[in-house]
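Subject: Structure for you to look at

Hello,

I am passing on the structure we talked about. Please open it alongside this message and follow the notes below.

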Amino acid sequence: MATARKQQISLVDTPYYHCVSRCVRRAYLCGEDKHTGQSYEHRRGWVADKLQVLSEVFAIDVCAYAVMSNHTHLVLFIDEQQAKSWTMHEVISRWHQLFKGTLLTQQYLRGEPLIDTLQQVVNETAKVYRQRLMDISWFMRILNETIAKQANLEDGCTGRFWEGRFKSQALLDEAALIACMAYVDLNPIRAKVAKTPETSNYTSIQRRIKAVIKGQQAQQLLPFIGNPRKNMPTGLPFELSDYIQLVDVTGRCIRADKRGYIDKDQPEILTRLGISHENWLVLTTQFRQCFHGAVGRTQALTDFCEHQHLKKRATMSICQKLLA
């Protein structure tokens, strides 16, 4: 039985989540449809552009993404502290970038005076908007609805475009986070539509590599900040150079005719997280097949289940095996 969406998100346990959306029709989201010969490659840009817009409005950052032919992978970070720091005016202004709001919120933004009763209504409305702006369900809803409408308009049809609601996985610790990000960034290589990370179009790893060449971090993505210490800015708790090297080395190991290996000079990140070479290859090639639901080491997964009032996961044993 599927887990209720509210039981899949627990900010007490983690702000990181892996989200997957898959098309329902044979017609492709992107790429070239082998049945008709028609190319939908341009639609990848729709997804990437909309992700950038939404990440600038929501208190949600994109850690990793890959836009494939008939599905998308996202790793998202919910910045609860950022959402709480916004003034009411900023909250309403952000929401109005997505929707018209109400007549009262429109009056509020125009600076029109409101009697106390109406001002209280605006205050309550802003509370609702603030929660929505840090809600993955709203983020994914707007992303997927926008792409579906554009695709249906282009295809000259109506009806369901996505298979259903997006799938969500909580990433409960650093090991789960780094493994899932690499799994997402290596999707095109596993699918044999790209040979190297830097040629993997419409992926976060390509965007990060292009920015590094310019001596920068990709502005549209959650930055890497190195090993976490006190009073550190918000960001991914790894070294960017380590991560890029890790993805590159792992990509070279993904071969259909051999098990593969990771060079002994692998980035220190695997040693710090205590992930063996063999387990790393399984994680980055079979993440979705191995895990259904929250992912993390034993204690993190146990805490998550307790907080969400869930029975212990069937994937507890596989988490213990691969993330130990």
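Overall

Please keep in mind that this is a predicted model. The chain holds 14 helices and 4 strands. Of its 324 residues, 51% are buried. Looking at contacts between residues at least 6 apart in sequence, 66% join residues at least 24 apart.

Helices H1 and H6

Two packed helices are described by the angle between their axes and the distance between the axes. For helix H1 (residues 43-57) and helix H6 (residues 136-155), the axes come within 10 Å and cross at roughly 150°. Since angles over 145 degrees count as roughly antiparallel, H1 is roughly antiparallel to H6. The crossing of H1 past H6 is right-handed. On the H1 side, the residues that meet H6 are Arg-43, Trp-46, Val-47, Lys-50, Leu-51, Leu-54 and Ser-55. Their partners in H6 include Phe-139, Ile-142, Leu-143, Thr-146 and Ile-147. Sorted by class, this contact has 9 nonpolar, 3 polar and 4 charged residues.

Phe-58

Phe-58 lies in the loop between H1 and E2. With a relative accessible area of 1%, Phe-58 is buried. Which residues does Phe-58 touch, not counting those up to four places away in sequence? They are Gln-82, Trp-86, Arg-94, Leu-98, Arg-132, Leu-133, Met-134, Asp-135, Trp-138, Phe-139 and Ile-142. One of these, Asp-135, is 77 residues from Phe-58 in sequence, and the C-alpha atoms of the two are 8.4 Å apart.

The loop between H8 and H9

Ser-200 sits between helix H8 (187-190) and helix H9 (204-213). Is Ser-200 buried or exposed? Ser-200 is buried, at a relative accessible area of 0%. Its side chain reaches the backbone oxygen of Thr-196 at 2.9 Å. Leaving out residues up to four places away in sequence, Ser-200 touches Pro-188, Ile-189, Ala-194 and Gln-206.

Most residues other than glycine have a negative phi. Lys-192, which is not a glycine, has a positive phi of about 60°. Lys-192 is in the loop between H8 and H9, and is exposed at 66% relative accessible area. Tyr-202 is not a glycine either, and has a positive phi of about 55°. Tyr-202 is placed in the loop between H8 and H9, and counts as partly exposed at 29% relative accessibility.

Helix H9

The buried residues in H9 include Ser-204, Ile-205, Gln-206, Arg-208, Ile-209 and Ala-211. What covers the buried residues of H9? The cover includes strand E2 (60-67), helix H7 (174-185) and helix H10 (240-253). After H9 comes Gly-215, with a positive phi near 75°.

Helices H13 and H14

Helix H13 (residues 298-307) packs with helix H14 (residues 316-323) at an angle of about 150°, and their axes are 9 Å apart. That angle makes H13 roughly antiparallel to H14. Thr-298, Leu-301 and Thr-302 of H13 make the contact with Met-316, Cys-319 and Gln-320 of H14. By class, the contact of H13 with H14 has 3 nonpolar, 3 polar and no charged residues.

Regards

Terms used. Residues numbered from 1 in each chain as written. Predicted model: local features only at pLDDT ≥ 70, side-chain atom pairs only at ≥ 80, totals over all residues. Heavy atoms only, no water. Axes fitted to C-alpha atoms, helices over the stretch in contact; angles between N-to-C directions. Helix = DSSP H or I, 4+ residues; strand = E, 2+ residues; numbered from the N terminus. Parallel < 35°, antiparallel > 145°, perpendicular 65-115°, else oblique. Left-handed = near helix turned anticlockwise from the far one by under 90°. Contact = heavy atoms within 4.5 Å. Nonpolar A, V, L, I, M, F, W, Y, C, P; charged D, E, K, R; others polar. Buried < 20%, exposed > 50% of the residue type's maximum accessible area, 1.4 Å probe, protein only. Polar contact = N/O pair within 3.5 Å; in protein donor to acceptor, adjacent residues only side chain to side chain.
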